[in-house]
Structure formats: C-alpha cells, structure tokens
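Welcome, and please open your viewer. We will go from stop to stop, with something to select at each one.

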Amino acid sequence: MCGVFGAYSARDFVAEEVYLGLSALQHRGQESAGVAWIDENSRVNAIKGMGLVHEALSQSVLSNAPATSAIGHVRYSTSGGSMMQNAQPICANYAQGPVAIAHNGNLTNFLRLREELENRGAIFQSTSDTEAILQLMAHQPRRRPLEALLRALAEVRGAFSLVVLIEEGLVAARDPWGFRPLALGRRGGNYYVASESCAFNLLGVSFVRDIEAGEALLINESGLTSYRLPGGPKRRWLCSFEYVYFARPDSIIEGRSVYRARHEMGRKLARSVSDESSPPYAGPPDVDFVAPLPDSGTTAALGYSQESGVPFEAAVVRNRYVGRTFIQPTQKVRELGVRIKLSPSQDLFEGRKAVLVDDSIVRGTTAGLVVSMIRECRAEAVHLRISSPPVRYPCFYGIDTPSNGDLAAANNSLEDIARAVGADSLSYLSREDMVDAIGLPPDSLCTACFDGKYLDGRDGCGDGACPSCERVCKKIC
Ligand code: AMP
Ligand code: SF4
C-alpha cells in the first residue's frame, strides 16, 4: 500500500501542496516519501528520503521549488525492499525528455517483464516493480512520452494507480481492474490527483470524480484529456480491504464513504450470528460494554454499539505518537510495538465483560497481545468481534499480507484462533455482510484475501504457482 499525490497549475507553485497532500496520505505509507517536478530546463528534480513525510522532506525547500506541476509518493513496501533506492517518485531524463512516476499497487507480471527487458539490455536501478513502466517507456525511444506511457501501461498487469509527470503534462492513470483508488480534485484552475479524497480536504480542493478504472487522464494547459487503456475487463476489482482498514474514514471511494461502510460493518457484526464463529458463541454475547481496538476498530465498534444498544467505552488507549505496528520488520519488534501502542484501562475492564472489536486479524499478534493485557486487568470475559471475514489468502495487488503460513485464519480453525488469542469467543463478519456494508455491486470488488478468488478466476493457488503472475511465489510455497 502506498499513497500518491499530484498537482497541476498553470501559474502557481504547487510542490508545497504536494507535501501537504502527502501528509494527509501518511497512513498509506511510512517508509519513505518523495516529491518530483520538472524544472524550466526540462530536467526532472526530486527530493526523497526515508521515514515520515516531515522527516523525509523539507517543507521550506519545497515551498520555494519552482514547480507548477509536481507529484509525490509515500511508500509502504510490497514489491522491492524498504530502502532509499526504492523510494518514489522514480525519475529519469530519457531520450524523449524528463519523466517521474509515483505508483500505488503491485504489478503481477513484473518478474517476467523485468526478465524480458533485461534481455533487451535494460539496467534496473531498483528492485521496485514501478521501474518496469519507466523501462518500457525508455524502450520506445521514438514515441512521444504520452504515447510511450500508454503503450507501457497496456503491457503491465495487476494493480496500478499512478501519477506521472512528463513534458506533455500530469497524467493520472488507473489499471483496468480498478484495484486501488485514485481521485481527481479541483481548486480554481488547479487540478489535483490523490490516492484518497481525504487529501483534498486540507487544501480546500473540491472532489471532482474518481479516475475511472482503465483511464489515463492527461492534465495540461489544454485542460483534461481522457484516454482508455486497452483490455478492459468484464468486471472491476476494487480492493475491499480499503474500506475495511487502509483508507481513512473521511475518504469517499467510488461514491461510498469509508466511514459509513465501516460503521455498517459494525452494525452487521452486531446483528450477525455468523457461521464464522467459535464455540461457545451462539449470538450476541451478554456484556457490559463494547470497546474498539483503536484506531482501526473504532468506527465498526461504534456501529456495533449503536446496533446492539451495548454502551461504547474507549477502554483501550492508543499512544498516538507510535505508528502502525504492522510495518515493524521482525516478530519481536512487532510484538513490542503493540504493547507500546495500545494499553487497556484496568478501571474499565476489571470484573466486567466486554466485546472487543477490531477490523481484521492477520497474524493474530495484535489481538493476542491486547486480549492478554485485558486479562491482566482481571476482566471477567473478553469476546472478540472482527468486522471483516477471516484473512486466509495473501494479496498480490499491493497490500503487504504475509504468506499463507503466517496467516492465522489460513491454517487454524476459528476455535483454535480464539484459544490462541485467549478470547472467550470469536466471530467474524461474513463476506456477504462485508460486501453489503460497502454498498457497491459485489462483482466490482476484490475479496481475494478472504475467498482466494484472484484476478484470473482460479481459486487459490493449489499448485504453488501464483494465480495472478503465473510464477512460483515464495509467499505461497
Ligand atoms: P495482526 O496483529 O498481524 O493480526 O494484524 C492485525 C492488525 O493489523 C489489525 O489491528 C489491523 O488493523 C492491522 N492490519 C491489518 N492488515 C494490515 C496491513 N496489511 N498493514 C498494516 N496493518 C494491518
Ligand atoms: Fe485488497 Fe485483499 Fe484484494 Fe489485496 S487481495 S486487493 S487486500 S481485497
């Protein structure tokens, strides 16, 4: 998962706005950040660094950058390691001029493309899949950059929401399946593109529309020109996990408020007597209060409380200065991270029964540690409720889910998971209820990490080959 932001103006300098837009997208990536623009000598310039936006970039330098168009990126590595070399935007001055690319998503045919390109003489500077797009453009030295880009995008498969700077203007493009969101905004004569509409609020930018799946939109002094990428699929594959966890609740994706979707997931969770439950659960438990695992479970817990009439208590406190624990690289650090980040209030839990709501269980680390901390508070009962279905399959489209072996629900029954995390009962939202809560047509959503139905229609990976990219993937075998 990453965040991209682009700004185009005929006269204003916009690099500082890109910095601010990236700050609003910080939840989509904390490993590195970068901003790129094309200068008056037609050279591409970039400032990149490791860490959070304010650590990686200098706001004062960017506020003075002579950039009337600029793009930016916050990174969370899903393809290629977490290193400076892979920080984006990826930039080059090639035969046809300057180009800078910022990408959210994963290209599933990257390894094959890379091999083909290397056989044709390409020298890759990074291990990031995004560089394949640049290399595909560079291998068409006689075509104008826009045409070369459109042809390059026709060759890549998988997930991409991109902002690209070329001399012809700013291009926003989204893969034909529409895996990752990408929004278009406007303020006066300036145009903005962002992974999520929440980045517009801060800049007083009005949301115009989503960039469509399979659309490449050129923004320049002539206005907006929309191109269709070839090979439109029969159905869309918008990531349902964006609504469950990744996106900010104040974002609107494909016309659907992330907050409302999450709230509805919580309501449905309170109503459901799901098949995905562990004994002795047989319906809503008799508890004193419902508490979220903050922040990821907060909106669903509110919905749960409102639907069930069980009082809501903010009984687990989050240290807001510690980032998302999932990005910590080792299991040891990950476990410590949860303890640093979350702390249950003894006063609220002691001698009482609670429902604890979180959005998902991946490895089970967070739930296990929080439930054991709540037990230390001498709670009488802790019932865990998860506002999405069990995550049983890895993601190949830009989310860092671990391999099957590490996914709690891939290998264990729900009873085993409940026992492992120490909960009195455990239940999940059904896939149907999740899709219903999102409120978009079921066949427009990707739910592959829940049901194993990947892009090409094959179920899971039976034979150890990734169903999307047809290569044997370490994540699975
Ligand atoms: P785990 O501790 O491995 O079970 O991870 C579950 C926790 O991480 C939940 O609290 C989620 O909110 C959060 N989470 C789920 N998926 C992701 C992801 N791909 N990246 C970061 N955090 C995640
Ligand atoms: Fe999203 Fe899951 Fe599909 Fe990945 S597999 S794109 S996380 S729904």
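A polar contact here is a pair of N or O atoms within 3.5 Å; within protein, one must be able to donate a hydrogen and the other to accept it, and residues adjacent in sequence count only if both atoms are side-chain atoms. This is a predicted model, where local features need pLDDT of at least 70, side-chain atom pairs count only at pLDDT 80 or more, and totals for chains, interfaces and linings use all residues. Residues are numbered from 1 along each chain as its sequence is written, chains are lettered from A and ligands numbered from 1 in the order in which they are written, and side-chain values use heavy atoms, with hydrogens and water left out.

**Stop one: ligand 1**

Select ligand 1 and the residues with a heavy atom within 4 Å of it. Now look for oxygen atoms of the ligand. One is 2.4 Å from an N or O atom in the side chain of Asp359, and the side chain of Thr366 likewise has an N or O atom 2.4 Å from a ligand oxygen. On its own, ligand 1 has 500 Å² of accessible area, and the protein covers 95% of that (Shrake-Rupley method, 1.4 Å probe).

**Stop two: ligand 2**

Which residues are around ligand 2? Select Arg180, Cys239, Ser240, Phe241, Cys395, Tyr397, Ile399, Cys446, Ala448 and Cys449. Eight of this shell are nonpolar, one is polar and one is charged.

Hide the ligand, and its space turns out to be the largest cavity (on a 1 Å grid over the protein atoms alone, a set of points where a 1.4 Å probe fits but cannot get out; lining residues have an atom within 4 Å of a point). A molecule sits in a cavity if more than half of its atoms lie within 2 Å of its grid points. The largest cavity holds about 100 Å³ of space. Its lining has 14 residues, and Cys239, Phe241, Cys395, Cys446 and Cys449 are the closest to its centre.

**Stop three: backbone details**

Most residues other than glycine have a negative phi, and most peptide bonds are trans. Select Gln88 and Pro89: the bond joining them is cis, with omega about 5°. Pro294 to Asp295 is also a cis bond, with omega near -10°. Finish at Ser42, whose phi is positive, about 60°.

Methods
On a 1 Å grid over the protein atoms alone, a cavity is a set of points where a 1.4 Å probe fits but cannot get out, and a pocket is an open set with protein on both sides within 12 Å along at least five of seven lines; lining residues have an atom within 4 Å of a point. Ala, Val, Leu, Ile, Met, Phe, Trp, Tyr, Cys and Pro count as nonpolar, Asp, Glu, Lys and Arg as charged, and the others, Gly among them, as polar. Grid points are joined across faces, edges and corners, and a volume is the space filled by probe spheres set on the points.
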